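Please have the sequence and the model at hand while reading.

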Amino acid sequence: MPPSRIPPLQISAFTATSAVGVGKETLFSALEQSKSGLRANDFGATPLPTWIGRVDGLEDLSLPEDLAGWDCRNNRLAWLGLQADGFIEAVATARKRYGPARIALILGTSTSSIGETELAYTQLDADGRFPAEQRRPRVHTPHSLAMFVQEALGLEGPAETISTACSSSAKVFASAERLIRLGLVDAAVVGGVDTLCGSVLFGFNSLELVSPEPCRPFDAERNGISLGEAAGFALLERGPGRLQLLGYGEASDAHHMSTPHPEGLGAERALDDALARAGLAAEAIDYINMHGTASAKNDEVEGALVARRFPPGTHASSTKGFTGHTLGAAGIVEAVISLLAIERGLMPGTVNTTVPDPGCGPQIRLQPAHGEVRYALSNSFGFGGNNCALVFGRGAGA
């Protein structure tokens, strides 16, 4: 049985910070101009020969004095992202309206503050212990991001960390919808943050998934991913609004620890459930933000799924070539891009790609296009087959 249709939730504020810049305006400009934020890797003492999506200025950023105990690269990026597009102010207004205990916080991350823990292990003292300044358990926990943001925003409601690889900050929308629908909270801050670190760069390289050049999603000659870092947030509130979350679907392939199901069965189940909760047919979707990592298998499986389920005229693209694959932050960044598509009538293209793989379907577009976007679908398919699909739409007065 497909799931029942859900009441829409309004998205009253949203923002994203990535390699293309801080906030929605820089992101929109990059998408409109097909301007990639990728650059030759300059991260770490011995940079891998690859390209990355790096956010400038994090090394020089300082947290406010009352939050200084949380300092690490990941939390600095979170703080930078929270300050964009009036997001902190929007949450403060919601906090006054509902009370701090009635707003949930659900954040996705793949590595959280592991970069700081890596650094601490290079600073062990003669007894093999962390130096005094690194004995900060709340920074070295996987829940560090959510605890930091909860304190920074003055929230007291339920706080969750979701870590399901690349689908992490897409699944936050599903968790928020359930909490609001069940009456446990009246609003939710959702989002995700992941920064570059050695574990990620060298880990993916060991799997032979990292490209030595800028990633080329759905290209016939694609040869791997470009890693990136990003922070993004959205404020969800009960009831309809100008921009809305209409549906979500979640599924697990249970097929292989790293490779997606060859027929995309889990991804298709997530798609079906998202459309069912939104009460829409596939033909209603105007824009699809595809997961599109530029790895051989991911693009093959997702491209085939979109090709068989959507009309040839549907505009689909991958935006990984703009930001890099931001792992646990990919879902929220691409949700923000989907919301911008609806709000401003811009359907992004797929940068760096020159010769589309014919097996990936006619829906994939290389160039951006302007036009009405009523409904947008955002796919996030995590490492090991953890899948999430989100449907966003325009509400009355948009």
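## Arg-216 and its surroundings

Not counting residues up to four places away in sequence, Arg-216 touches Glu-221, Arg-222, Asn-223, Ala-294, Asn-352 and Thr-353, where contact means heavy atoms within 4.5 Å. Arg-216 lies in the loop between helix H7 (198-206) and strand E8 (227-228). Helices (H or I, at least four residues) and strands (E, at least two) are DSSP runs, numbered from the N terminus. With a relative accessible area of 17%, Arg-216 is buried; the term buried means under 20% relative accessible area, exposed means over 50%, and partly exposed covers what lies in between (1.4 Å probe, protein chains only). Arg-216 and Ala-294 are 78 residues apart along the chain, and their C-alpha atoms are separated by 5.5 Å.

## Basis of the model

This is a predicted model, in which local features need pLDDT of at least 70 and side-chain atom pairs count only at pLDDT 80 or more, while totals for chains, interfaces and linings use all residues. Residues are numbered from 1 along each chain as its sequence is written, and side-chain values use heavy atoms, with hydrogens and water left out.

## Positive phi angles

Most residues other than glycine have a negative phi. Asn-352, one of the residues touched by Arg-216, has a positive phi of about 80 degrees although it is not a glycine. Asn-352 is placed in the loop between strand E13 (346-347) and strand E14 (369-370), and its relative accessible area of 30% makes it partly exposed.

Ser-112 is not a glycine either, yet has a positive phi of about 50 degrees. Its place is the loop between strand E5 (103-108) and helix H4 (114-121), and at 4% relative accessibility Ser-112 counts as buried. Ser-113 is found in the loop between E5 and H4 and counts as buried at 3% relative accessibility. Leaving aside neighbours within four places in sequence, Ser-113 is in contact with Cys-72, Asn-74, Val-139, His-140, Thr-141 and Ser-144.

## Helices H1 and H11

How do the axes of helix H1 and helix H11 cross, and within what distance do they come? The axes of H1 (residues 24-33) and H11 (residues 330-344) come within 11 Å and cross at roughly 75 degrees. That angle makes H1 roughly perpendicular to H11. Axes here are lines fitted to C-alpha atoms, for helices over the stretch in contact, and angles run from 0 to 180 degrees between N-to-C directions. Angles under 35 degrees count as roughly parallel, over 145 as roughly antiparallel, 65 to 115 as roughly perpendicular and the rest as oblique.

On the H1 side, the contact is made by Lys-24, Glu-25, Leu-27, Phe-28 and Leu-31, and on the H11 side by Val-336, Ile-337, Leu-340 and Arg-344. By class, the contact of H1 with H11 has six nonpolar, no polar and three charged residues. In this classification, Ala, Val, Leu, Ile, Met, Phe, Trp, Tyr, Cys and Pro count as nonpolar, Asp, Glu, Lys and Arg as charged, and the others, Gly among them, as polar.

## Charges over rings and a ring pair

A charge sits over a ring if NZ of Lys or CZ of Arg is within 6 Å of the ring centre and within 35 degrees of the ring normal. The charged end of Arg-344 sits over the ring of Phe-28, 4.9 Å from its centre. The charged end of Lys-24 is placed over the ring of Phe-14, 3.9 Å from the ring centre.

Rings of Phe, Tyr and Trp (its six-membered ring) pair if their centres lie within 6.5 Å; planes under 30 degrees apart count as stacked, over 60 as edge-to-face and the rest as tilted. By this rule there are four aromatic pairs. Tyr-121 and Phe-130 have ring centres 5.0 Å apart and planes at 85 degrees, so this pair is edge-to-face. Tyr-121 counts as exposed at 54% relative accessibility, whereas Phe-130 is buried at 18%.

## Leu-80 and Val-22

Leu-80 belongs to helix H2 (residues 73-82) and counts as buried at 17% relative accessibility. Beyond its neighbours within four places in sequence, Leu-80 is in contact with Thr-17, Val-22, Val-55, Leu-58 and Leu-61.

Val-22 is in strand E2 (residues 21-22) and counts as partly exposed at 40% relative accessibility. With neighbours within four places in sequence left aside, its contacts are Ala-16, Thr-17, Leu-80 and Ala-84. Val-22 and Gly-81 are 59 residues apart in sequence and 6.9 Å apart in space, C-alpha to C-alpha.
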